[in-house]
Amino acid sequence: MLTNQQLEEIKELQKECESADEIQLKLNWDMLQERSSREITDFFHFEDGVLVGFLGLYGFGNKVELCGMVKPDYRRKGIFTKLFSEAMNVIEKRGFAEILLNAPTNSSFAKSFLRTVTCDYAFTEYQMQWQKKELCYSDEVSVRPSTSDDLEDEILLDIKCFGLDEAGAREFNLQMRQYQSEEFYIIEQEGQTVGKIRVSHLNEEAWIFGFCVDPEYQGKGIGRRVLTNIVLIEKQKGYPIFLEVEANNLNALGLYESCGFQSYYSQDYYTYNK
């Protein structure tokens with residue numbers, strides 16, 4: 001578990017790097033603030049008592065994502081290479097099936113490091129923010145809080161919609177339930193579980209994650225109704241609303257844009273080849 005001091009040091013380093021490089025780093029703060037003490041997930045480098053390098057691991061079932069940073073004045077000294085090597089040793093022991101390296105699209109520092117390792121471009125993910133748009137609440141679909149009885153259905157949805165294997169989906173769902181900032185919802189149509197959605201509240205913002213509809217029920221307008229209802233609920237609470245979507249998921253991108261979301265930043269992902 002990260003201490004408050006460590007979290008503040010990470011936050012200050014992030015601000016400096018983002019300001020200097022004119023980028024936004026995806027450090028998954030909902031996960032950083034809920035770290036488990038059972039696993040090594042974060043790697044630090046200090047110089048004269050000051051945090052100058054950080055790298056975090058973010059596990060999603062059988063997949064792991066890496067994102068990190070180095071203070072601008074301390075770059076090209078092998079600090080990030082050292083942190084990456086330490087992280088890869090941990091990843092190898094944990095046996096992740098897929099390793100993704102996260103780099104802000106316009107980060108020259110990240111791209112220069114990526115040229116030193118064996119990896120292939122995988123996809124681009126866009127951060128989107130909801131803009132004011134006239135929306136109408138729908139009673140044709142039901143969204144209710146998830147309970148422990150829904151676990152198996154949620155695991156099955158992760159397998160069908162996100163390509164996780166059963167072990168990875170189970171591990172991911174059990175892990176996410178430990179996070180206090182997360183709210184889990186089940187989507188129902190005529191009494192049947194047809195999807196799920198997760199909302200994270202952090203830093204006075206609402207982030208939508210894990211939104212999926214069972215492939216057997218897609219194309220019926222369920223996703224649009226659910227997204228509309230969630231947006232209206234979060235808007236009434238006073239939260240600015242955000243989400244993330246892969247650029248190659250054109251159906252999802254079109255759905256979000258039609259509901260009033262606009263892209264404002266992007267992250268490139270690369271598959272690391274062991």
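An axis, in this briefing, is a line fitted to C-alpha atoms, for helices over the stretch in contact, and an angle runs from 0 to 180 degrees between N-to-C directions. The structure is a predicted model, in which local features need pLDDT of at least 70 and side-chain atom pairs count only at pLDDT 80 or more, while totals for chains, interfaces and linings use all residues. Residues are numbered from 1 along each chain as its sequence is written, and side-chain values use heavy atoms, with hydrogens and water left out. Helices (H or I, at least four residues) and strands (E, at least two) are DSSP runs numbered from the N terminus.

**Helix pair H5 and H6**

- Helix H5 (residues 151–162) packs against helix H6 (residues 166–176) with the axes 9 Å apart and at an angle of about 125°, and the two are therefore oblique to each other (under 35 degrees counts as roughly parallel, over 145 as roughly antiparallel, 65 to 115 as roughly perpendicular and the rest as oblique).
- The contact (heavy atoms within 4.5 Å) involves Leu151, Glu152, Glu154, Ile155, Asp158 and Ile159 of H5, together with Glu166, Ala169, Arg170, Phe172, Asn173 and Leu174 of H6.
- Sorted by class, this contact of H5 with H6 has 6 nonpolar, 1 polar and 5 charged residues (Ala, Val, Leu, Ile, Met, Phe, Trp, Tyr, Cys and Pro count as nonpolar, Asp, Glu, Lys and Arg as charged, and the others, Gly among them, as polar).

**Helix pair H7 and H8**

- The axes of helix H7 (residues 222–237) and helix H8 (residues 250–258) cross at roughly 45° and come within 10 Å, and H7 and H8 are therefore oblique to each other.
- Gly223, Arg224 and Leu227 of H7 meet Leu255, Tyr256 and Ser258 of H8, a contact that divides into 3 nonpolar, 2 polar and 1 charged residues.

**The largest cavity**

- The structure holds 1 cavity of 30 Å³ or more, where a cavity is a set of points on a 1 Å grid over the protein atoms alone at which a 1.4 Å probe fits but cannot get out, and lining residues have an atom within 4 Å of a point.
- The largest cavity holds about 210 Å³ of space, and of the 22 residues that line it, Gly68, Phe80, Asn102, Ala103 and Ala110 lie nearest its centre.
- Strand S3 (63–70) is one of the elements that supply at least two lining residues, and S3 gives the largest share, 5 residues.
- The lining of the largest cavity divides into 17 nonpolar, 3 polar and 2 charged residues.

**The second largest pocket**

- The second largest pocket has a volume of about 590 Å³, a pocket being an open set with protein on both sides within 12 Å along at least five of seven lines, and a volume being the space filled by probe spheres set on grid points joined across faces, edges and corners.
- Gln14, Leu25, Trp29, Glu205 and Trp207 are the closest to the centre of the second largest pocket among the 22 residues that line it.
- Helix H1 supplies the largest share of this lining, 4 residues, and the lining divides into 8 nonpolar, 7 polar and 7 charged residues.
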